[in-house]
Amino acid sequence: MGNEIPSFSDLKRDVVEKDLCTLCGACTSFCRENKLHAIDMKSGVPDYVNEENCLKCGICYMICPVTKEMDEKLKEFYGEGIGKILDVYSARSTDKNVLSVCCDGGVATSLLNYLLDIHYVDGVISVKKMKGGRSMPILASSYHELLACAGSSLATVPNLNEMRHYSTYESILPEMRELVYGGVEKVAVTGTPCQIKAIRKMQIYNILPSGSIKFTVGLFCIENFSFNVITLSKFERIVGERIGDIEKVNIKENMMVKFKDGSKKEISLEKLEEVARKACIKCQIPFSNIYADISLGGLGSEDGYTTVIIRNEKSRELFEEAVEEGYIEIHPEWNNEKREKIVEKIKIWTEKKEKKS
Ligand SMILES: Cc1cc2nc3c(=O)[nH]c(=O)nc-3n(C[C@H](O)[C@H](O)[C@H](O)COP(=O)(O)OP(=O)(O)OC[C@H]3O[C@@H](n4cnc5c(N)ncnc54)[C@H](O)[C@@H]3O)c2cc1C
């Protein structure tokens, strides 16, 4: 590295050109937020558009979830491996509407709905599913908008600025920025581990609009898919049906696909690696979303329930309140033995993902 402070050229070499970019957009959002606009994602990945504007301040390199910068600091707050676990539950929503559309037990939707109801947040940046396996980020500020987001969007999300790019996260920050300037001060965000890690790095530097994020719901994530015509047809070949015939997918030990005609299929995640994003295959960010306030997944819970990892006192309090207020119910046969089994599974999958990368 020629410069002591790494600049975007270093980020390009170390992350983008090695196919490691998660397309989260933290780097471009920061640059744009500070009116520098030296880099953009117009070509599909972050790149220089006005190199002469680059201050070589190194912030883009620091906040990228893939670089190791600040990993030691993050480790102090959030631990590593399976992260800080205050408690684990298997739980589900009590709301029939949520249960009929959610991915696992609907804990994410009902907890977020609780946060809206008590005005802990004014909105939730989340992902709405669209036709063709695509998704888009929205700010949900009502129960009905949250319901429209329930379920897992395994395809990366179209960038609102450039519809031909696909990203889970890039679009979330611009979406937020508009809202922050529009007066929404407190938001919750749902996200995969790379997204939440980028948010935490941005919060350390107090980079707009990360200060408005009051609660993070982290989803476990083994891999993500970026559908274009080719990968979509490969995915359909592996699944054996058109994506439009799929009613629901869950990832636990395998991908469980439920079709609209009621039939079900289980597909090994190894088979799906062919269509997973390269950056996801090489991703070294812990599987169970250790940087989130609360982490949710299907792994270890029986069908219809969400595995819940409480990461800090704030999430413990809010989760317990949501249970007391009747938004969420804990599995009736929940006990320590089950809790330990789930933690064991999370350890195994964390190690599997580490080895894969
Ligand atoms: C890409 C991806 C990979 C996953 N991999 C695993 C895995 O390997 N193992 C495992 O156990 N669980 C995995 N999960 C988590 C699991 O699929 C469920 O999201 C989780 O159990 C919560 O279920 P729920 O019924 O409580 O959530 P719901 O009540 O259905 O709500 C889910 C919330 O998450 C939001 N959301 C969905 N997709 C995205 C996205 N791509 N980016 C940001 N927000 C999103 C929705 O908009 C909604 O608000 C993955 C999820 C995703 C999105």
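1. Start with a helix pair. Ser110, Leu111, Tyr114 and Leu115 of helix 6 are in contact with Leu318, Phe319 and Ala322 of helix 13. By residue class, this contact holds six nonpolar residues, one polar and no charged. Bear in mind that the model is predicted.

2. Next, the geometry of that pair. Two packed helices are described by the angle between their axes and the distance between the axes. Here the axes of helix 6 (107–117) and helix 13 (313–324) come within 10 Å. They cross at roughly 95°. Angles from 65 to 115 degrees count as roughly perpendicular, and helix 6 and helix 13 are therefore roughly perpendicular to each other.

3. Helix 6 also matters for the ligand shell. Which element gives the most residues to the shell around the ligand? Helix 6 does, with three.

4. Now the rest of that shell. There are 33 residues around the ligand. Ala108, Thr109, Cys149, Ile222 and Gly297 come nearest. Elements that supply two or more residues are helix 6, strand 4 (123–129), strand 6 (187–191), strand 8 and strand 11 (294–297).

5. What is the make-up of the ligand shell by residue class? The shell divides into 15 nonpolar, 16 polar and two charged residues.

6. Strand 8 gives residues to the ligand shell and also belongs to a sheet. The sheet is open and has three strands, in the order 8-9-10. Pairing is antiparallel. Strand 8 (246–251) and strand 10 (264–267) stand at the edges. Each has a single partner strand, so one side of each is left without a neighbour in the sheet. On average, neighbouring strands of this sheet are turned by 20° against each other, direction ignored.

7. A closer look at one pairing. Strands of a sheet pair through backbone hydrogen bonds, either parallel or antiparallel. How many bridges join strand 8 and strand 9? There are five, and the two strands pair in the antiparallel sense. Strand 9 covers residues 255–259. Within strand 9, methionine 255 is the bridge partner of isoleucine 251.

8. Last, the whole chain. The secondary structure comes to 14 helices and 13 strands. The chain has 357 residues, and buried residues make up 46% of them. Consider contacts between residues at least 6 apart in sequence: 66% of these join residues at least 24 apart. The contact of helix 6 with helix 13 links residues such as Leu111 and Leu115 on one helix to a group including Leu318 and Phe319 on the other.

Methods:
Residues numbered from 1 in each chain as written. Predicted model: local features only at pLDDT ≥ 70, side-chain atom pairs only at ≥ 80, totals over all residues. Pairing = 2+ DSSP bridges. Helix = DSSP H or I, 4+ residues; strand = E, 2+ residues; numbered from the N terminus. Axes fitted to C-alpha atoms, helices over the stretch in contact; angles between N-to-C directions. Near = placed C-beta within 6 Å. Nonpolar A, V, L, I, M, F, W, Y, C, P; charged D, E, K, R; others polar. Parallel < 35°, antiparallel > 145°, perpendicular 65-115°, else oblique. Contact = placed C-beta atoms within 7 Å. Buried ≥ 20, exposed ≤ 12 C-beta atoms within 10 Å, placed from the backbone.
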